[in-house]
Amino acid sequence: MNDHKFVLPVRIQHVATPIREEDHMDREPDRPEPDEEPDHETEPDHETDDRPEQSSSEDADGLLQELVAYLRENRGDLREEWARRISDAELLGVMSEDEIFSEATAVYDNYVDALETGSIETLQTYARELSERIIPRGVETDEVLGIVLLLRDVLARSLFAKYREEGDLLDRILDAYEPAANRIAVTVGVSFVDERERVIHEQQEALRELSTPVLQLRDRLLILPIIGALDSARARQLTEQLLAAIRDKRATVVVIDITGVATVDASVANHLVQTVEASRLMGARTILTGLSSEIAQTLVDLGVDLSMMKTVGDLQGGIEEADRLAGYQGAGGADSRADGET
């Protein structure tokens, strides 16, 4: 039998060999070289992002300038239409037609200037001056707001008529015009309201001064007659007036008469006490006259400290006591003393 060697076929299997850490470290990472330039295509282009917003702003400015040119070109017709609408709406009735037309012309020109420049300072100054002129004549806030809104309506109708065949352009012009128009309307309205409040405040101050006059009866002798309701604000105001008069007249005696005051609460009573104390610190003695039984009882119930306050029943008695404290012996004595000094 021949000796034959049989070789068994070997099946080769691919076995995953674990990667050692050393082998992993030897492999270069699959990433760009440090010297490689970054891919600019993946980064956002900030300049490109800003361009639409800048372009939109420039477009709005350009449309406003086109609008301003149109309003100036048609100034006469638009101004006359606005003045007619004001008269038809019976606004500014205390003013003549010539006055309305004159003021409408000035407002129109300032309005257009504000649209062109974006600055409202000049318009604000004019609105305040206009308010100073028309408020004393009885023009109300709703009338001022009414004429401003009428101007806006006149201009808007004119724009609709001009650009009615160009809807897209009309929309863009209105988008540019309306924010500016709203700002102008608010500016005029606020200026008028502020001026009106200032006038009302001045009138209130004048009424308070008339209602609490400080009178000089004799040399260095003052009388403060108080009539009507006396609240904390008025009590504070009369204190300021009295102290100023004591300083200016160099008074040494003051008579405060409250015959015309119906009620006094704790706050007002304390103000009176403080007034007396402040007068004493300025070198003037104070006499309080005209206390009714109700007020006297109220002061007692409130526990008001009246130790620093000299009281006399009525005004006549208070004047006599003031004469005595000031060194006078009545009107005759005062006259004779004055003659002696001269």
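**Cores, helix packing and salt bridges in the predicted model**

Leaving aside neighbours within four places in sequence, tryptophan 82 is in contact (heavy atoms within 4.5 Å) with Ala104, Val107, Tyr108, Ile147, Leu150, Leu151 and Val154. The structure is a predicted model, in which local features need pLDDT of at least 70 and side-chain atom pairs count only at pLDDT 80 or more, whereas totals for chains, interfaces and linings use all residues. Residues are numbered from 1 along each chain as its sequence is written, and side-chain values use heavy atoms, with hydrogens and water left out.

Trp82 is also, with Leu71 and Leu159, among the residues with the most contacts inside the largest nonpolar core, which has 47 residues. A nonpolar core is a set of buried Ala, Val, Leu, Ile, Met, Phe, Trp, Tyr and Cys residues joined through side-chain atoms within 4.5 Å. Buried stands for under 20% relative accessible area, exposed for over 50% and partly exposed for values in between, with a 1.4 Å probe and protein chains only. Two or more residues of this core come from each of helix H2 (46–73), helix H3 (75–88), H4, H5, helix H6 (141–162) and helix H7 (167–211). Helices (H or I, at least four residues) and strands (E, at least two) are DSSP runs, numbered from the N terminus. H7 gives the largest share, twelve residues. A second, separate core of 28 residues includes Leu222, Leu224, Ile256 and Ile295.

The loop between H3 and H4 contains methionine 95, which is buried at 10% relative accessibility. Not counting residues up to four places away in sequence, methionine 95 touches Ile100, Glu103, Ile134 and Arg137. Methionine 95 and glycine 138 are 43 residues apart in sequence, and their C-alpha atoms are 10.0 Å apart in space.

Helix H8 (residues 232–249) packs against helix H9 (residues 266–281) at an angle of about 10 degrees, the axes being 9 Å apart. Axes are lines fitted to C-alpha atoms, for helices over the stretch in contact, and angles run from 0 to 180 degrees between N-to-C directions. H8 and H9 are therefore roughly parallel (an angle under 35 degrees) to each other. On the H8 side, Ser232, Ala235, Arg236, Thr239, Leu242, Leu243 and Ile246 meet Ser267, Val268, His271, Thr275, Ala278 and Ser279 of H9. The residues of this contact divide into six nonpolar, six polar and one charged.

Side chains of opposite charge can pair when their charged atoms come close. The structure holds 18 salt bridges, each defined as a side-chain nitrogen of Lys or Arg within 4 Å of a carboxyl oxygen of Asp or Glu. One of them joins glutamate 103 and arginine 133, at 3.0 Å from N to O. This pair links distant parts of the chain, with glutamate 103 in helix H4 (residues 97–117) and arginine 133 in helix H5 (residues 121–134), 30 residues apart. Glutamate 103 is buried at 16% relative accessibility, whereas arginine 133 is partly exposed at 40%.

Glutamate 321 takes part in salt bridges with lysine 310, at 3.7 Å between the closest N and O atoms, and with arginine 324, at 2.5 Å. Glutamate 321 is buried at 15% relative accessibility, and lysine 310 is partly exposed at 35%. Arginine 324 and glutamate 321 are three residues apart in helix H11 and so are separated by about one helical turn. A network of salt bridges links Arg72, Asp113 and Glu116.

Conventions
Parallel < 35°, antiparallel > 145°, perpendicular 65-115°, else oblique. Nonpolar A, V, L, I, M, F, W, Y, C, P; charged D, E, K, R; others polar.
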